[in-house]
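Please look over this structure with its ligand in place. The report below covers selected residues and the ligand site.

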Amino acid sequence: MRIDKTFSWIPKKLANLGDLNITVVGGTGGLGRAISRSFADAGANVTVVGQTFRDEKQKNIKFVRADLSSINESRKVARELDVSSTHILVFTTGIFAASKRQETSEGLERDMAVSFLNRMVMVPELVPRMHSKENFYGFIPRVFIMAYPGSNQLGNIDDLNSEKSYGSMKTHMNTVAGNEALVYDSVSKYKNVHFYGLNPGLVKTNIRNNLFGEGSWTSKIMEGLIGWFTHTPEQYASGISPLLIAKELEGLNGGIFNKNGESLYPSKGFTPEYASKYIKASEDLLISKNLF
Ligand SMILES: NC(=O)c1ccc[n+]([C@@H]2O[C@H](COP(=O)([O-])OP(=O)(O)OC[C@H]3O[C@@H](n4cnc5c(N)ncnc54)[C@H](OP(=O)(O)O)[C@@H]3O)[C@@H](O)[C@H]2O)c1
(Lines give C-alpha, C1' and ligand atoms only; values in the text may rest on other atoms or scores of the structure.)
Protein backbone atom coordinates (compact mmCIF):
# COMPACT_ATOMS: atom_id res chain seq x y z
CA MET A 1 0.00 0.00 0.00
CA ARG A 2 1.39 3.35 -0.99
CA ILE A 3 0.75 6.41 1.14
CA ASP A 4 0.04 9.77 -0.50
CA LYS A 5 2.04 12.10 1.71
CA THR A 6 0.62 15.24 0.05
CA PHE A 7 -2.61 14.87 2.05
CA SER A 8 -2.80 15.87 5.70
CA TRP A 9 -5.55 16.62 8.19
CA ILE A 10 -5.75 17.71 11.79
CA PRO A 11 -7.83 15.39 14.02
CA LYS A 12 -10.38 17.16 16.20
CA LYS A 13 -11.75 15.58 19.36
CA LEU A 14 -15.26 14.18 18.88
CA ALA A 15 -17.50 16.26 21.16
CA ASN A 16 -20.83 18.12 21.13
CA LEU A 17 -22.10 16.32 18.02
CA GLY A 18 -25.79 16.61 18.98
CA ASP A 19 -26.67 17.92 15.49
CA LEU A 20 -24.85 15.18 13.60
CA ASN A 21 -26.70 12.18 12.11
CA ILE A 22 -24.74 9.07 11.23
CA THR A 23 -25.96 5.73 9.91
CA VAL A 24 -23.70 2.70 10.14
CA VAL A 25 -24.75 -0.32 8.10
CA GLY A 26 -22.90 -3.00 10.05
CA GLY A 27 -22.82 -0.88 13.21
CA THR A 28 -23.98 -3.72 15.45
CA GLY A 29 -20.58 -5.41 15.71
CA GLY A 30 -16.81 -5.07 15.40
CA LEU A 31 -15.37 -1.93 13.82
CA GLY A 32 -18.75 -0.49 12.80
CA ARG A 33 -19.97 -0.81 16.37
CA ALA A 34 -16.83 0.82 17.78
CA ILE A 35 -17.27 3.74 15.35
CA SER A 36 -20.99 4.00 16.19
CA ARG A 37 -20.27 4.11 19.90
CA SER A 38 -17.54 6.73 19.54
CA PHE A 39 -20.06 9.01 17.77
CA ALA A 40 -22.86 8.20 20.21
CA ASP A 41 -20.56 9.00 23.14
CA ALA A 42 -19.97 12.41 21.55
CA GLY A 43 -23.73 13.03 21.39
CA ALA A 44 -24.43 12.22 17.70
CA ASN A 45 -27.70 10.59 16.58
CA VAL A 46 -26.67 7.13 15.42
CA THR A 47 -28.60 4.50 13.45
CA VAL A 48 -27.13 1.03 13.16
CA VAL A 49 -28.23 -1.74 10.79
CA GLY A 50 -27.40 -5.37 11.54
CA GLN A 51 -28.71 -8.62 13.00
CA THR A 52 -28.02 -8.36 16.73
CA PHE A 53 -28.34 -5.14 18.71
CA ARG A 54 -25.80 -4.90 21.51
CA ASP A 55 -26.19 -1.25 22.60
CA GLU A 56 -29.71 -1.03 23.98
CA LYS A 57 -28.45 1.04 26.90
CA GLN A 58 -27.17 3.85 24.69
CA LYS A 59 -30.18 6.15 24.18
CA ASN A 60 -28.94 7.85 21.00
CA ILE A 61 -28.37 4.62 19.02
CA LYS A 62 -31.35 3.43 16.98
CA PHE A 63 -31.40 -0.15 15.67
CA VAL A 64 -32.73 -1.45 12.36
CA ARG A 65 -32.72 -5.23 12.07
CA ALA A 66 -31.80 -6.77 8.72
CA ASP A 67 -30.30 -9.91 7.24
CA LEU A 68 -28.00 -8.33 4.69
CA SER A 69 -27.01 -11.66 3.14
CA SER A 70 -30.24 -11.25 1.17
CA ILE A 71 -30.08 -8.79 -1.70
CA ASN A 72 -33.85 -8.39 -1.77
CA GLU A 73 -33.94 -7.64 1.95
CA SER A 74 -30.98 -5.23 1.69
CA ARG A 75 -32.77 -3.28 -1.04
CA LYS A 76 -36.02 -3.21 0.97
CA VAL A 77 -34.26 -2.03 4.15
CA ALA A 78 -32.43 0.67 2.20
CA ARG A 79 -35.72 1.88 0.70
CA GLU A 80 -37.24 2.16 4.16
CA LEU A 81 -34.28 3.91 5.83
CA ASP A 82 -34.76 7.66 6.28
CA VAL A 83 -31.48 9.25 5.20
CA SER A 84 -32.90 12.67 4.32
CA SER A 85 -30.93 14.27 7.16
CA THR A 86 -28.00 11.84 7.32
CA HIS A 87 -24.59 13.51 7.24
CA ILE A 88 -22.45 10.38 7.28
CA LEU A 89 -23.29 6.92 5.96
CA VAL A 90 -20.84 4.11 6.71
CA PHE A 91 -20.82 0.53 5.37
CA THR A 92 -18.99 -2.02 7.52
CA THR A 93 -21.07 -5.20 7.15
CA GLY A 94 -18.93 -8.17 6.34
CA ILE A 95 -17.82 -11.77 6.82
CA PHE A 96 -14.85 -13.77 5.53
CA ALA A 97 -15.36 -16.49 2.93
CA ALA A 98 -15.52 -19.96 4.54
CA SER A 99 -13.08 -22.77 3.71
CA LYS A 100 -15.82 -24.40 1.54
CA ARG A 101 -17.99 -22.34 -0.81
CA GLN A 102 -21.28 -21.22 0.76
CA GLU A 103 -24.27 -20.00 -1.21
CA THR A 104 -27.19 -17.83 -0.09
CA SER A 105 -30.80 -18.81 -0.82
CA GLU A 106 -30.62 -16.25 -3.66
CA GLY A 107 -27.81 -18.20 -5.37
CA LEU A 108 -24.91 -15.91 -4.48
CA GLU A 109 -21.55 -16.82 -2.97
CA ARG A 110 -22.14 -15.81 0.65
CA ASP A 111 -19.12 -13.55 1.25
CA MET A 112 -19.85 -11.59 -1.96
CA ALA A 113 -23.47 -11.12 -0.85
CA VAL A 114 -22.71 -10.03 2.73
CA SER A 115 -19.51 -8.03 2.23
CA PHE A 116 -20.12 -6.32 -1.09
CA LEU A 117 -23.23 -6.93 -3.21
CA ASN A 118 -25.65 -5.69 -0.52
CA ARG A 119 -23.72 -2.40 -0.41
CA MET A 120 -23.86 -2.15 -4.19
CA VAL A 121 -27.66 -2.34 -4.15
CA MET A 122 -28.09 -0.12 -1.09
CA VAL A 123 -26.04 2.81 -2.44
CA PRO A 124 -28.40 3.64 -5.36
CA GLU A 125 -31.40 3.41 -3.01
CA LEU A 126 -29.91 5.62 -0.31
CA VAL A 127 -27.64 8.18 -1.94
CA PRO A 128 -30.18 9.98 -4.17
CA ARG A 129 -32.30 10.60 -1.04
CA MET A 130 -29.45 12.25 0.89
CA HIS A 131 -29.58 16.05 0.92
CA SER A 132 -26.69 17.76 -0.84
CA LYS A 133 -26.21 20.96 1.11
CA GLU A 134 -23.04 21.69 3.04
CA ASN A 135 -23.76 21.22 6.76
CA PHE A 136 -22.67 23.25 9.79
CA TYR A 137 -19.56 21.07 10.06
CA GLY A 138 -18.48 22.29 6.62
CA PHE A 139 -19.04 19.22 4.44
CA ILE A 140 -21.68 17.73 2.16
CA PRO A 141 -22.94 14.21 3.05
CA ARG A 142 -20.33 11.48 3.00
CA VAL A 143 -20.35 7.76 2.39
CA PHE A 144 -17.55 5.57 3.79
CA ILE A 145 -17.05 2.08 2.44
CA MET A 146 -14.91 -0.14 4.65
CA ALA A 147 -12.99 -3.08 3.18
CA TYR A 148 -9.34 -3.37 2.10
CA PRO A 149 -8.82 -0.72 -0.62
CA GLY A 150 -5.37 0.15 -1.87
CA SER A 151 -4.06 -3.41 -1.44
CA ASN A 152 -3.67 -4.01 -5.21
CA GLN A 153 -6.48 -6.57 -5.39
CA LEU A 154 -8.32 -6.49 -8.70
CA GLY A 155 -10.54 -9.55 -8.08
CA ASN A 156 -11.54 -12.12 -10.66
CA ILE A 157 -14.03 -10.20 -12.78
CA ASP A 158 -14.82 -13.34 -14.84
CA ASP A 159 -15.88 -15.41 -11.85
CA LEU A 160 -17.54 -13.06 -9.34
CA ASN A 161 -19.76 -15.81 -7.94
CA SER A 162 -16.78 -18.19 -7.51
CA GLU A 163 -18.52 -20.88 -9.56
CA LYS A 164 -15.50 -21.78 -11.69
CA SER A 165 -13.03 -22.02 -8.82
CA TYR A 166 -13.13 -21.36 -5.09
CA GLY A 167 -10.65 -20.44 -2.38
CA SER A 168 -11.55 -18.47 0.73
CA MET A 169 -8.83 -15.86 0.19
CA LYS A 170 -9.35 -15.63 -3.57
CA THR A 171 -13.11 -15.25 -3.13
CA HIS A 172 -12.73 -12.71 -0.34
CA MET A 173 -10.53 -10.64 -2.66
CA ASN A 174 -13.48 -10.41 -5.06
CA THR A 175 -15.30 -8.53 -2.30
CA VAL A 176 -12.24 -6.36 -1.61
CA ALA A 177 -12.00 -5.34 -5.26
CA GLY A 178 -15.77 -4.82 -5.44
CA ASN A 179 -15.73 -2.38 -2.56
CA GLU A 180 -12.82 -0.40 -4.00
CA ALA A 181 -14.70 -0.30 -7.32
CA LEU A 182 -17.82 0.92 -5.53
CA VAL A 183 -15.95 3.97 -4.17
CA TYR A 184 -14.58 5.11 -7.55
CA ASP A 185 -17.68 4.19 -9.55
CA SER A 186 -19.95 6.05 -7.10
CA VAL A 187 -17.81 9.18 -7.38
CA SER A 188 -18.53 9.21 -11.10
CA LYS A 189 -22.27 8.51 -10.67
CA TYR A 190 -23.37 10.76 -7.78
CA LYS A 191 -22.58 14.42 -7.34
CA ASN A 192 -24.64 15.19 -4.20
CA VAL A 193 -22.46 13.10 -1.89
CA HIS A 194 -18.75 12.34 -1.47
CA PHE A 195 -17.38 8.80 -1.25
CA TYR A 196 -14.37 7.41 0.60
CA GLY A 197 -12.83 4.01 1.29
CA LEU A 198 -11.55 2.80 4.65
CA ASN A 199 -8.89 0.12 5.07
CA PRO A 200 -8.59 -0.76 8.78
CA GLY A 201 -5.78 -3.31 8.38
CA LEU A 202 -5.92 -6.30 10.72
CA VAL A 203 -8.02 -5.85 13.86
CA LYS A 204 -9.27 -8.53 16.27
CA THR A 205 -13.05 -8.84 15.65
CA ASN A 206 -15.56 -11.54 14.64
CA ILE A 207 -14.83 -11.11 10.91
CA ARG A 208 -12.88 -14.38 10.54
CA ASN A 209 -15.44 -16.55 12.44
CA ASN A 210 -16.90 -17.83 9.19
CA LEU A 211 -13.42 -19.00 8.13
CA PHE A 212 -11.94 -20.38 11.36
CA GLY A 213 -15.20 -21.32 13.14
CA GLU A 214 -16.54 -19.29 16.08
CA GLY A 215 -14.81 -20.28 19.33
CA SER A 216 -12.55 -22.87 17.62
CA TRP A 217 -8.92 -23.37 18.63
CA THR A 218 -7.74 -22.02 15.28
CA SER A 219 -9.87 -18.93 15.85
CA LYS A 220 -8.56 -18.47 19.41
CA ILE A 221 -4.94 -18.79 18.30
CA MET A 222 -5.27 -16.58 15.20
CA GLU A 223 -7.34 -13.85 16.85
CA GLY A 224 -5.09 -14.02 19.93
CA LEU A 225 -2.08 -13.35 17.72
CA ILE A 226 -3.86 -10.58 15.80
CA GLY A 227 -5.02 -9.01 19.08
CA TRP A 228 -1.48 -9.14 20.43
CA PHE A 229 0.03 -7.13 17.60
CA THR A 230 -2.75 -4.81 16.52
CA HIS A 231 -5.24 -2.16 17.65
CA THR A 232 -8.50 -3.02 19.39
CA PRO A 233 -11.67 -1.94 17.53
CA GLU A 234 -12.03 0.89 20.05
CA GLN A 235 -8.46 2.10 19.40
CA TYR A 236 -9.09 1.97 15.65
CA ALA A 237 -12.34 3.93 16.08
CA SER A 238 -10.81 6.58 18.32
CA GLY A 239 -8.20 7.28 15.63
CA ILE A 240 -10.46 7.05 12.55
CA SER A 241 -13.76 8.58 13.73
CA PRO A 242 -12.36 12.16 13.68
CA LEU A 243 -11.43 11.60 10.01
CA LEU A 244 -15.10 11.03 9.22
CA ILE A 245 -15.89 14.65 10.14
CA ALA A 246 -12.61 16.23 8.99
CA LYS A 247 -13.26 19.19 6.70
CA GLU A 248 -10.02 18.45 4.83
CA LEU A 249 -11.71 15.46 3.14
CA GLU A 250 -13.86 17.81 1.06
CA GLY A 251 -11.04 18.19 -1.45
CA LEU A 252 -10.39 14.45 -1.69
CA ASN A 253 -13.60 12.88 -3.05
CA GLY A 254 -12.84 9.21 -3.80
CA GLY A 255 -9.97 9.07 -1.30
CA ILE A 256 -9.09 5.86 0.53
CA PHE A 257 -7.48 5.72 3.99
CA ASN A 258 -5.46 3.30 6.06
CA LYS A 259 -5.89 2.56 9.77
CA ASN A 260 -3.98 5.73 10.71
CA GLY A 261 -6.14 7.96 8.53
CA GLU A 262 -3.34 8.36 5.97
CA SER A 263 -4.40 8.76 2.36
CA LEU A 264 -3.58 5.77 0.11
CA TYR A 265 -3.08 5.60 -3.62
CA PRO A 266 -5.65 3.47 -5.48
CA SER A 267 -4.69 -0.16 -6.13
CA LYS A 268 -2.45 -0.60 -9.15
CA GLY A 269 -4.65 -1.07 -12.22
CA PHE A 270 -7.75 0.30 -10.53
CA THR A 271 -8.67 2.91 -13.12
CA PRO A 272 -12.15 4.50 -13.15
CA GLU A 273 -12.83 2.39 -16.26
CA TYR A 274 -11.93 -0.84 -14.46
CA ALA A 275 -14.09 0.21 -11.49
CA SER A 276 -17.13 0.76 -13.69
CA LYS A 277 -16.49 -2.53 -15.54
CA TYR A 278 -16.34 -4.36 -12.19
CA ILE A 279 -19.62 -2.82 -11.01
CA LYS A 280 -21.28 -3.62 -14.34
CA ALA A 281 -20.11 -7.27 -14.08
CA SER A 282 -21.45 -7.40 -10.51
CA GLU A 283 -24.81 -6.01 -11.65
CA ASP A 284 -24.86 -8.63 -14.43
CA LEU A 285 -24.36 -11.33 -11.79
CA LEU A 286 -27.43 -10.01 -9.93
CA ILE A 287 -29.41 -9.84 -13.19
CA SER A 288 -28.54 -13.50 -13.88
CA LYS A 289 -30.12 -14.37 -10.50
CA ASN A 290 -33.17 -12.12 -11.06
CA LEU A 291 -32.00 -9.81 -8.28
CA PHE A 292 -31.48 -6.58 -10.22
N1 LIG B 1 -11.18 -6.87 11.35
C2 LIG B 1 -10.25 -6.93 10.40
O3 LIG B 1 -9.13 -7.45 10.62
C4 LIG B 1 -10.53 -6.35 9.04
C5 LIG B 1 -9.47 -6.26 8.12
C6 LIG B 1 -9.71 -5.70 6.87
C7 LIG B 1 -10.98 -5.28 6.54
N8 LIG B 1 -11.99 -5.39 7.45
C9 LIG B 1 -13.32 -4.94 7.03
O10 LIG B 1 -13.93 -4.15 8.02
C11 LIG B 1 -15.36 -4.30 7.96
C12 LIG B 1 -15.88 -4.59 9.35
O13 LIG B 1 -15.40 -5.84 9.79
P14 LIG B 1 -15.30 -6.23 11.32
O15 LIG B 1 -13.92 -6.67 11.55
O16 LIG B 1 -15.89 -5.19 12.16
O17 LIG B 1 -16.24 -7.54 11.33
P18 LIG B 1 -17.24 -8.09 12.44
O19 LIG B 1 -16.75 -7.81 13.80
O20 LIG B 1 -17.49 -9.51 12.08
O21 LIG B 1 -18.56 -7.22 12.19
C22 LIG B 1 -19.27 -7.40 11.02
C23 LIG B 1 -20.58 -6.69 11.05
O24 LIG B 1 -21.33 -7.21 9.95
C25 LIG B 1 -22.63 -7.57 10.40
N26 LIG B 1 -23.15 -8.70 9.64
C27 LIG B 1 -22.52 -9.85 9.30
N28 LIG B 1 -23.37 -10.65 8.63
C29 LIG B 1 -24.54 -9.97 8.52
C30 LIG B 1 -25.79 -10.25 7.92
N31 LIG B 1 -26.04 -11.41 7.30
N32 LIG B 1 -26.76 -9.32 8.01
C33 LIG B 1 -26.56 -8.15 8.64
N34 LIG B 1 -25.39 -7.83 9.22
C35 LIG B 1 -24.40 -8.73 9.17
C36 LIG B 1 -22.45 -7.94 11.85
O37 LIG B 1 -23.70 -7.75 12.46
P38 LIG B 1 -24.31 -8.77 13.54
O39 LIG B 1 -23.22 -9.03 14.54
O40 LIG B 1 -25.47 -8.01 14.06
O41 LIG B 1 -24.65 -9.99 12.75
C42 LIG B 1 -21.42 -6.91 12.29
O43 LIG B 1 -22.07 -5.71 12.62
C44 LIG B 1 -15.62 -5.40 6.93
O45 LIG B 1 -15.94 -4.80 5.70
C46 LIG B 1 -14.28 -6.09 6.82
O47 LIG B 1 -14.09 -6.71 5.55
C48 LIG B 1 -11.80 -5.91 8.68
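## Ser267: a buried loop residue

Ser267 is found in the loop between β8 (263–264) and α8 (272–288). The model is predicted. The relative accessibility of Ser267 is 2%. Buried means under 20%, so Ser267 counts as buried.

## Ile279 in helix α8

Ile279 belongs to helix α8. Its relative accessible area is 2%, so Ile279 is buried.

Ile279 and Ala97 are 182 residues apart along the chain, and 20 Å separates their C-alpha atoms.

## Asn21 in strand β1

Strand β1 covers residues 21–25, and Asn21 lies in this strand. Is Asn21 buried or exposed? With a relative accessible area of 18%, Asn21 is buried. The cut-off matters here: buried means under 20% relative accessible area.

Two polar partners are listed for the side chain of Asn21. One is the side chain of Asn45, in a polar contact of 2.9 Å. The other is the backbone oxygen of Ser85, which lies 2.7 Å from a polar atom of the Asn21 side chain.

Asn16 sits in the segment before β1. Its phi is near 50°, a positive value in a residue other than glycine. Asn16 has 72% relative accessibility and therefore counts as exposed. The threshold for exposed is over 50%.

Asn152 is placed in the loop between β5 (142–146) and α4 (168–189). Here phi is near 65°, again positive in a residue other than glycine. How does Asn152 count at 42% relative accessibility? Asn152 counts as partly exposed, because this class takes in values between the buried limit of 20% and the exposed limit of 50%.

## Polar contacts and cover of the ligand

Which residues place polar atoms by ligand oxygens? Met146 uses its backbone instead, with a polar atom 3.1 Å from an oxygen atom of the ligand.

The cover of the ligand can be stated as a share of area. On its own, the ligand has 890 Å² of accessible area, and the protein covers 92% of this.

## Recap

Ser267, Asn21 and Ile279 are each buried, at 2%, 18% and 2%. Asn16 is exposed, whereas Asn152 is partly exposed.

Technical notes: Residues numbered from 1 in each chain as written. Predicted model: local features only at pLDDT ≥ 70, side-chain atom pairs only at ≥ 80, totals over all residues. Heavy atoms only, no water. Polar contact = N/O pair within 3.5 Å; in protein donor to acceptor, adjacent residues only side chain to side chain. Areas by Shrake-Rupley, 256 points an atom, 1.4 Å probe, with all protein chains shown as cover. Helix = DSSP H or I, 4+ residues; strand = E, 2+ residues; numbered from the N terminus. Buried < 20%, exposed > 50% of the residue type's maximum accessible area, 1.4 Å probe, protein only.
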